[in-house]
Amino acid sequence: MEHFILGSYSTRKQSTVGTGRTKQERVQSILWLAAQTPGGDICVQPLDADNAPTGIVSHVKNSDFFQNYIPEPECYDEYIRPGIQNLLAWMGPADSPLPSARPNKIVDLFYKAFLSILHGERGMALKEGDAEKLRDLALHAAEMHFFESFRVGISTAAVTQRKQKNYPLAIDFYTRALEVKEDDHLLFNTARTYYEMKDIDSARQCLERALAINPELAVARQFLDFISAPGAKQSV
């Protein structure tokens with residue numbers, strides 16, 4: 001797995017200020033640029049007041065990210081994608097050397113932010129091979145469909161949770177992925193998770209939905225026949 005941009009997300013932090021009659025609840029919202037890393041964790045960096053990435057990176061466990069970070073596609077389309085397009089225009093065509101100077105603040109911020117993603121920390125110098133990695137990262141980020149990228153990321157997290165037997169969390173992730181797009185393979189994996197939770201009715205419903213999308217999905221047909229057989233207890 002290579003690095004790829006997941007989009008812009010937000011987190012909410014609630015705090016209490018004052019006491020007695022002056023006591024108030026405040027909610028702080030922070031916007032982030034998020035990227036999937038080859039190791040499986042999510043690299044996040046806060047956006048500044050102008051909604052540009054700061055390059056200050058931290059890493060969040062895959063499951064924690066999809067539990068606590070909220071997609072913000074409007075922010076991505078209004079601020080992040082145009083900045084990436086400016087970065088690509090400055091970088092020039094594939095295999096060409098990067099220009100020696102960055103023409104403006106936006107290009108400089110996105111260049112440093114993407115370099116931080118590749119190296120996992122801020123302030124690293126350009127290394128051999130980085131130019132093409134930066135181009136690939138920026139090209140994907142400029143062209144990617146936000147919610148499709150989110151769906152792929154969260155469904156991958158769901159598979160991990162299912163394998164670790166964290167079934168309720170896996171179901172939550174699958175459900176959120178399916179809200180983006182009904183997919184036969186996602187529904188099949190959701191059915192497997194429900195089956196492992198001994199929720200046969202929900203498993204059957206997911207398999208029927210999968211077959212409605214793709215009647216030729218043989219594994220779903222076989223699984224549906226299996227769980228519909230009297231006394232079926234064997235795990236898949």
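Which residue forms a salt bridge with Asp 108, and how far apart are the closest N and O atoms? Select Arg 102: that is the partner, with the closest N and O atoms 2.6 Å apart. A salt bridge here is a side-chain nitrogen of Lys or Arg within 4 Å of a carboxyl oxygen of Asp or Glu. Before going on, note that this is a predicted model, where local features need pLDDT of at least 70, side-chain atom pairs count only at pLDDT 80 or more, and totals for chains, interfaces and linings use all residues. Residues are numbered from 1 along each chain as its sequence is written, and side-chain values use heavy atoms, with hydrogens and water left out.

Helices (H or I, at least four residues) and strands (E, at least two) are DSSP runs, numbered from the N terminus.

Now try a surface view. Arg 102 has 31% relative accessibility, so it counts as partly exposed, and Lys 112, at 44%, is partly exposed too. (Buried means under 20% relative accessible area, exposed over 50%, partly exposed in between, with a 1.4 Å probe and protein chains only.)

The whole structure has 9 salt bridges.

Now select helix H5 (residues 146-163) and helix H6 (residues 167-180). Their axes come within 8 Å and cross at roughly 160°; axes are lines fitted to C-alpha atoms, for helices over the stretch in contact, and angles run from 0 to 180 degrees between N-to-C directions. That makes H5 roughly antiparallel to H6, a label for angles over 145 degrees. Show side chains to see who makes the contact (heavy atoms within 4.5 Å): among them are Phe 147, Phe 150 and Ile 154 of H5, and Leu 169, Phe 173 and Tyr 174 of H6.

Finally, zoom out. The protein chain has 9 helices and 5 strands, and its C-alpha trace spans about 70 × 65 × 25 Å along its principal axes. Of its 236 residues, 46% count as buried.

Notes
Angles under 35 degrees count as roughly parallel, over 145 as roughly antiparallel, 65 to 115 as roughly perpendicular and the rest as oblique.
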